[in-house]
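Here are some exercises to work through with the model open beside you. Take each task first, then follow the solution step by step.

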Amino acid sequence: MNIGIVCYPTFGGSGVIATELAKGLAQKDHNVHILSYARPARLDTFQTNIAYHEVDLSSYPLFEFPPYDLALANLMANLIQYEKLDVLHVHYAIPHATSAYLAKQILAEKAAHVPIITTLHGTDITIVGSDPSYKQVVDFSINQSDGVTAVSEFLKEETYRRFDIKKEIKVIPNFIDLERFKRTKKEHFKKAICPDGEKVVVHVSNFREVKRVPEVVSVFHRIVKSGIDAKLLMVGDGPDRKKAESRCRELGVCDKVRFLGKQEQVEEVLSIADLFLIPSGSETFGLAALEAMSCSVPVVSSNIGGLPEVNIHGETGYLCDLDDIDCMAEYSVKILKDEKLHAKMAKNARKRAEIFELSRLVEEYENYYEEVASGMTGKSD
Ligand code: GMT
């Protein structure tokens, strides 16, 4: 198939899922066209059957904000027509699903109707999409899609609860490259980070408010206060990094915390981790937690959103109520102090990550494309 994939070029989240899906489909001999406003962070290898199309945002003095959605719709229409796309799959509803609808209308008379599939990822429903400034357009654009998927059961139910969606939403969970995200010996790196054999606690995110990065530091402070000799590695960057740095200074733990910024090879950092903290205030899946589990790292997380579909309480780590810092600290200390418990949870974490193996879920998307396309042409096997 000729497949168009639209995404944000992000270091984490939907941009990663979209790009890894594109690479997986290309490895199965599909021709894949990726559309975005910058080259996606994970598009880090050359594959002859992956083409990257950067949205051409020509501006004009009249515009304070160039109309990205229109430029994207224009590119979509061109690719549908000239690259003969068999399916256009957009990741994150805003504004991608709306641009896809516009492209579909532009081509209504010209080209056979190409299935538009929208994958809902998270804040496109729970935060941005629910904002009155966008809500009606998001509702309309999801309903106009030919197929709709969500990355967790939680997000599916949340979409039905918040919007008037008339379509069936299929859940296809996020996935992981088990080969890339597996624990490897990084003795030199570990020695450099913790020369005295300290425990390594890791957090990875885009440091947005929903990720609760200052609370990560507060939990770590309590771990240190319990007498555990530990280091905290904060991977990523974003709006709340300064708040997290101030929290370090307030709590007097700066000498034990390293802000590493955005890292391409996050799997190397996870390979020296003893514990992963993700206290998010809103998380429809928690891809970062899955990446940690795949590297055999137990996870302490909040119990909101889709996190309980990934991190299993008492098996792969522990889950606590939102903002219950004491709970997260107690469970973190329990795991770090008990070698046997840690080893069991590390093994369980990797085992559970195998459920989300990349090739199985790429195939689920392939089958879904066929199902939606045949449903539109009325063809059935
Ligand atoms: O909302 C963000 O923080 C970014 C967003 C995205 O689309 O990149 O992340 C969402 O999608 C990820 C991939 O499906 C999920 O793993 C995240 O849980 C989800 N983030 C939130 O729901 C906050």
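**Exercise 1.** Work out which residues of helix 11 are buried.

*Solution.* Start with the terms: helices (H or I, at least four residues) and strands (E, at least two) are DSSP runs, numbered from the N terminus, and buried means under 20% relative accessible area, exposed over 50%, partly exposed in between (1.4 Å probe, protein chains only). Leu-287, Ala-288, Ala-289, Leu-290, Glu-291, Ala-292, Met-293 and Ser-294 are buried in helix 11. Because 8 of the 8 residues of helix 11 (residues 287-294) are buried, the helix is largely enclosed by the rest of the structure.

A word on the model: it is predicted, so local features need pLDDT of at least 70 and side-chain atom pairs pLDDT 80 or more, while totals for chains, interfaces and linings use all residues. Residues are numbered from 1 along each chain as its sequence is written, and side-chain values use heavy atoms, leaving out hydrogens and water.

**Exercise 2.** Find what covers the buried residues of helix 11, then look just after the helix.

*Solution.* The cover includes helix 1 (13-27), strand 8 (199-204) and helix 13 (339-353); contact here means heavy atoms within 4.5 Å.

**Exercise 3.** Locate Phe-63 and decide whether Phe-63 is buried, partly exposed or exposed.

*Solution.* First, go to the loop between strand 3 (50-54) and helix 2 (68-82), where Phe-63 is found. Then check its relative accessible area: at 36%, Phe-63 is partly exposed.
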